[in-house]
Amino acid sequence: MVRLGTGIGWRPEIADDIERLPGIDWVEVVAENICPDHVPDALQRLRERGTTVVPHGVSLGLGGAERPDPGRLEALAERAEALGSPLVTEHIAFVRAGGPLTASPAIEAGHLLPVPRTRDALDVLCENVRIAQDALPVPLAVENIAALISWPGEEMTEGQFLAELVERTGVRLLIDVANLHTNHVNRGEDPAKALDELPTSAIAYVHVAGGVEKDGVWHDSHAHPVTQPVLDVLAELCARTAPPGVLLERDEDFPAAGELAGELDAIRGVMAAGVAGAAGVPVRASAAPEAPVPDAVRERLALAQTSLLSALVGGTPPPEGFDGRRLRVQSAALTAKRASVVAKVAPELPEILGTGYRPAFARYADGRPMTGGYRRDALAFAEHLLADGGPEDQAARRRLTLWWQERSGPAPLASHPAARLARRVRLALSGRRAA
């Protein structure tokens, strides 16, 4: 296992601070945010001075019912090679549903959603992980995720699920101790029990991140300081094994460099205190080949995941057995995340709309799942707002109209719903100009 040391999630907003922080052995980058042919200068400088860079994917959906998309796997492989990375990482999650397996429109979550801990889901996940491993030029590690909701009828604990995944595939683990704490608050799961059941020698590295509790629900925000309970889970892990690497994640509301340095020092202190007694549970990886997962198993999982995602982003009734209140909290969190990412990929929208951006986006997103990625979502939001007669401020409407016209391109094919909406907007705008 590659020894990584202490690292931090590389983000453009704190790139300069990261270059100056002492004791940074490695960084992790969101794979989808990096172009292999145009590595940011600040990241390239880190590489030139010997800092290891690990690409961290967020869009494969290895826990989804569909097999991994070859194009997404190829893109992840390209980034690993361009960055000279010793491994790549992804999540045990599903991020989209619908499509051919359910004969329904494909929809996207825009976020990581939990996989049911059932035999069917584990069979699909194992096959998807093996497909990914075969397509990647370096080892793969997969991350446990945080969740606000629990699937009814689960057959395994978190630790059991991960242990069998490792045994059947040999995949490495990226253990997020903040996510274990999140699941402790939100789902009543004991982090120590999960760690006891893990094959700790399969751990490639560890994530540490901050969050916040609101109304009894822990939100894994990556926008708050690391709390003591999360450090306590890290200490539990370090009492069992010496992790090859530990990384601090921060995605929003970036603090001053001094605060980041303080959090890194706290992480180093926990690691140093725990190493002496660390033993580690050995990996028992099976080399036995497995039969292909039957189509019926993938179809069952696809129907279940589509039903859940439709309730979260499409306004359909909650599936049986789910906590309706928690689904509403998760739905609101998905909308907020979607609005935040659209604001990042299209920063002109919140600039044009000001404080009205988020309420307008929430009205647009209500019952309208994302189907074509965040950039398409930004354009569809502008189309919807204009077609609905907004924004009320005429100067803002002119600016939004110009923004949309510059990006909508030639008239799209009339068969696509978004294209039909775009054409209606064009006709409405041209009619108002003629008047």
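Reader: Is Arg240 buried or exposed, and what is its relative accessibility?

Author: This is a predicted model, and in it Arg240 has a relative accessibility of 18%, which counts as buried because buried means under 20% relative accessible area.

Reader: Which residue forms a salt bridge with Arg240?

Author: The general idea is that a salt bridge pairs a side-chain nitrogen of Lys or Arg with a carboxyl oxygen of Asp or Glu within 4 Å. In this structure the partner of Arg240 is Asp196, and the closest N and O atoms of the two are 2.9 Å apart. Arg240 sits in the loop between helix 8 (228-238) and strand 12 (245-249), while Asp196 belongs to helix 7 (residues 191-197), so the pair ties together parts that are 44 residues apart in sequence.

Reader: How many salt bridges does a search of the whole structure find?

Author: The search finds 25 salt bridges. One of the pairs is Asp123 with Arg168, whose side chains meet at 2.9 Å, N to O. This pair links distant parts of the chain, with Asp123 in helix 4 (residues 119-135) and Arg168 in helix 5 (residues 158-169), 45 residues apart. Asp123 is partly exposed, with a relative accessible area of 25%, whereas Arg168 is buried, with a relative accessible area of 15%.

Reader: Which residue forms a salt bridge with Glu348, and where do the two partners lie?

Author: Glu348 is joined to Arg407, and the closest N and O atoms are 3.6 Å apart. Glu348 is in helix 12 (residues 348-353) and Arg407 is in helix 15 (residues 394-408), so that distant parts of the chain, 59 residues apart, are linked by the pair. Glu348 counts as partly exposed at 29% relative accessibility, and Arg407 also counts as partly exposed, at 39%.

Reader: Which residues do salt bridges that share partners join into one network?

Author: The network is made of Arg119, Asp123, Arg130, Glu164, Arg168 and Glu290.

Reader: Which residues form a negative surface patch?

Author: Asp37, Glu74, Glu78 and Glu81 form a negative surface patch. Among them, Glu81 is found in helix 3 (residues 70-82), and Glu81 is exposed, with a relative accessible area of 57%.

Reader: Which residues does the annotation "domain: SCO6045-like C-terminal" cover?

Author: According to an unreviewed UniProt entry, this annotation covers residues 302-386. Over residues 302-386 the model's chain is 74% helix and 0% strand, and the end C-alpha atoms are 35 Å apart.

Note on methods. Residues numbered from 1 in each chain as written. Predicted model: local features only at pLDDT ≥ 70, side-chain atom pairs only at ≥ 80, totals over all residues. Heavy atoms only, no water. UniProt positions renumbered as here; feature names shortened; annotations may be inferred. Helix = DSSP H or I, 4+ residues; strand = E, 2+ residues; numbered from the N terminus. Patch = residues over 30% accessible without salt bridge, like charges linked within 9 Å, V, L, I, M, F, W, Y side chains within 5 Å. Areas by Shrake-Rupley, 256 points an atom, 1.4 Å probe, with all protein chains shown as cover. Lys, Arg positive; Asp, Glu negative; His and termini not counted. Charge placed at Lys NZ, Arg CZ, Asp CG, Glu CD. Buried < 20%, exposed > 50% of the residue type's maximum accessible area, 1.4 Å probe, protein only.
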